[in-house]
Amino acid sequence: MNEQIQKLLNNLIQLEHVSSTLYLAMSNYMNRLNYKGMGSWLRLQSEEERTHMLKLIDYLVDRGGTVELSSLPAQPSEFGSPLETFQKVLEHEKFVTNSYRQAFQFISQANDPQTLVIVQDFLREQVDEEAQTIVDRLKIAQNNPAAIFILDQELGQRNAAPAGGVAAQG
């Protein structure tokens, strides 16, 4: 395997690993504030990012590459209001999209069609990940506890993604 592509894939693995721990920290925070639906939604998001990481690991190993797992940065334990928390989720997902976009461009130039397909699948999924629906609805709810409670219940209805698939975003 091309060393530069192997390094790029390891960077994406690290990105997904960090994403998983970030969303787990956010889940714990929301649960601590008794927003159990939001906590559940974020826990499932954490699991989805871990699944992405494992898919990239399996692909790299299958191609004869070496996986290099790096240490993880500590995650915050406070994220602000539900709106501020989900704004951070959206901001992070935009960063992830940009990372996959750059990877796609590099791999296109490196002429590695198999890796390009894998990265393109993740990039396609990022369209859903960047949906602003939750942020927009929290903005509408503003500081109305009843509206936030209803949204919290709704987000708690999210189901886990089928193996290799994407869960409904709620």
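**View 1. Salt bridges across the whole structure.** Searching the entire structure turns up five salt bridges, each defined as a side-chain nitrogen of Lys or Arg within 4 Å of a carboxyl oxygen of Asp or Glu. Please keep in mind that this is a predicted model, in which local features need pLDDT of at least 70 and side-chain atom pairs count only at pLDDT 80 or more, while totals for chains, interfaces and linings use all residues. Residues are numbered from 1 along each chain as its sequence is written, and side-chain values use heavy atoms, with hydrogens and water left out.

**View 2. The salt bridge between Glu-48 and Arg-158.** Here the closest N and O atoms are 3.1 Å apart. Glu-48 sits in helix H2 (residues 36-62) and Arg-158 in the segment after helix H6 (145-155), so this pair ties together parts that are 110 residues apart in sequence. Helices here are DSSP runs (H or I, at least four residues), numbered from the N terminus. Glu-48 is buried, at a relative accessible area of 5%, and Arg-158 is buried too, at 6%. Buried means under 20% relative accessible area, exposed over 50%, and partly exposed in between (1.4 Å probe, protein chains only).

**View 3. The salt bridge between Asp-121 and Arg-124.** The closest N and O atoms of this pair are 3.1 Å apart. Both residues belong to helix H4 (residues 113-129), and because they are three residues apart, about one helical turn separates them. Asp-121 is partly exposed, with 38% relative accessibility.

**View 4. The salt bridge between Arg-137 and Glu-154.** For this pair the closest N and O atoms are 2.3 Å apart. Distant parts of the chain are linked here, with Arg-137 in helix H5 (residues 133-141) and Glu-154 in helix H6, 17 residues apart. Arg-137 is partly exposed at 34% relative accessible area, and Glu-154 is partly exposed at 30%.

**View 5. The largest nonpolar core.** A nonpolar core is a set of buried Ala, Val, Leu, Ile, Met, Phe, Trp, Tyr and Cys residues joined through side-chain atoms within 4.5 Å. H1 supplies the largest share, six residues.

**View 6. The surroundings of Met-26.** Setting aside neighbours within four places in sequence, Met-26 is in contact (heavy atoms within 4.5 Å) with Leu-42, Phe-79, Thr-85, Lys-88 and Val-89.

Key: Helix = DSSP H or I, 4+ residues; strand = E, 2+ residues; numbered from the N terminus.
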